[in-house]
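Reader: Please take me through this model, giving the cut-off behind each term when it comes up.

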Amino acid sequence: MTDSNPTERTLVLLRHGKAVPPDGVVDRDRPLTERGRADAVAAGAWLARHHLLPDVVICSPARRTRETWHAAASGLTGTSTEGAPGGPAPRIRYESSAYAAETADLLALLRSVEPTAGTVLLVGHNPAVSLLSIALDDGGADRDGLPTGGVVVHRVTGPWSALGGAPAAVTAQGRAPY
């Protein structure tokens, strides 16, 4: 859903849902727990209710982030009981540099987003997602960090290629239970 104002954009950061403990599982292969899947669906429904339908999704390739995106996508399209609007399918980018990322890595990915995208959803891991939020709006971001399945929304002014050059205010936050 592209913004009508080409100088204002929306960045949505979503931390992956609760994952199974790493006992005996390679970190990249950790799946979501049942609660993690339910929280991700609820996060997607929350995004839909707030009209935050992404044009582009940047997602870490780790299993828990991919499962979070897929569950959130089902919440975005809604069901008859949720009343969430559907919309055009976003462009999905699974980016290996989003796994074990630092703030600079995530900024580089976001700066590469096509200029016509109005809303971008980044599905990633802590601490990088929370640190990115703080770097974009030190006064408005949650200094304790996003919980699993947590969402923070930033208003970006200017092109994606300049992200981080000016503050991007936090406009909304959500956390489970939604």
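Reader: Leaving aside neighbours within four places in sequence, which residues is Arg93 in contact with?
Author: Contact means heavy atoms within 4.5 Å. With its neighbours within four places in sequence left aside, Arg93 is in contact with Val56, Val57, Ile58, Cys59, Leu109, Ser112 and Val113.

Reader: What kind of model is this, and what pLDDT do local features need?
Author: Residues are numbered from 1 along each chain as its sequence is written, and side-chain values use heavy atoms, with hydrogens and water left out. This is a predicted model, where totals for chains, interfaces and linings use all residues, side-chain atom pairs count only at pLDDT 80 or more, and local features need pLDDT of at least 70.

Reader: Is Arg93 buried or exposed?
Author: Arg93 is found in strand S3, residues 91–94. Strands (E, at least two residues) and helices (H or I, at least four) are DSSP runs, numbered from the N terminus. Buried means under 20% relative accessible area, exposed over 50%, and partly exposed in between, with a 1.4 Å probe and protein chains only. Since its relative accessibility is 10%, Arg93 counts as buried.

Reader: What pattern does the chain follow along the sequence?
Author: The secondary structure comes to four helices and six strands. Read along the sequence, the pattern is β-α-β-α-β-α-β-α-β-β.

Reader: Why does the chain count as compact as a globular protein of its length?
Author: The radius of gyration is taken over C-alpha atoms, and the globule rule is 2.2 Å times the number of residues to the power 0.38. For 178 residues the rule gives 16 Å, so the chain is as compact as a globular protein of that length because its radius of gyration is close to that value, at 15 Å.

Reader: What is the relative accessible area of Thr68?
Author: Thr68 is placed in helix H2, residues 63–77. Beyond its neighbours within four places in sequence, its contacts are Leu14, Arg15, His16, Gly17, Leu32, Ala40 and Val123. Thr68 is buried, with a relative accessible area of 1%.

Reader: What separates the C-alpha atoms of Thr7 and Trp160?
Author: Thr7 lies in the segment before S1 and is partly exposed, at 45% relative accessible area. Not counting residues up to four places away in sequence, Thr7 touches Val156, Thr157 and Gly158. Thr7 and Trp160 are 153 residues apart along the chain, and their C-alpha atoms are separated by 9.5 Å.

Reader: How far apart in space are Arg28 and Arg64, C-alpha to C-alpha?
Author: Arg28 sits in the loop between S1 and H1 (34–49) and is partly exposed, with a relative accessible area of 35%. Among the residues that Arg28 touches is Arg64. The two are 36 residues apart in sequence, and their C-alpha separation is 7.7 Å.

Reader: What is omega for the cis peptide bond between Ala176 and Pro177?
Author: The bond from Asn126 to Pro127 is cis, with omega near 10°, and Pro127 is in the loop between S4 and H4. Pro177 is in the segment after strand S6 (169–174). For the cis bond that joins Ala176 and Pro177, omega is about -5°.

Reader: What is the phi of Ala100?
Author: His51, in the loop between H1 and S2, has a positive phi of about 55° although it is not a glycine. Ala100 lies in the loop between S3 and H3 and is exposed, with a relative accessible area of 63%. Ala100 is also a residue other than glycine with a positive phi, near 55°.
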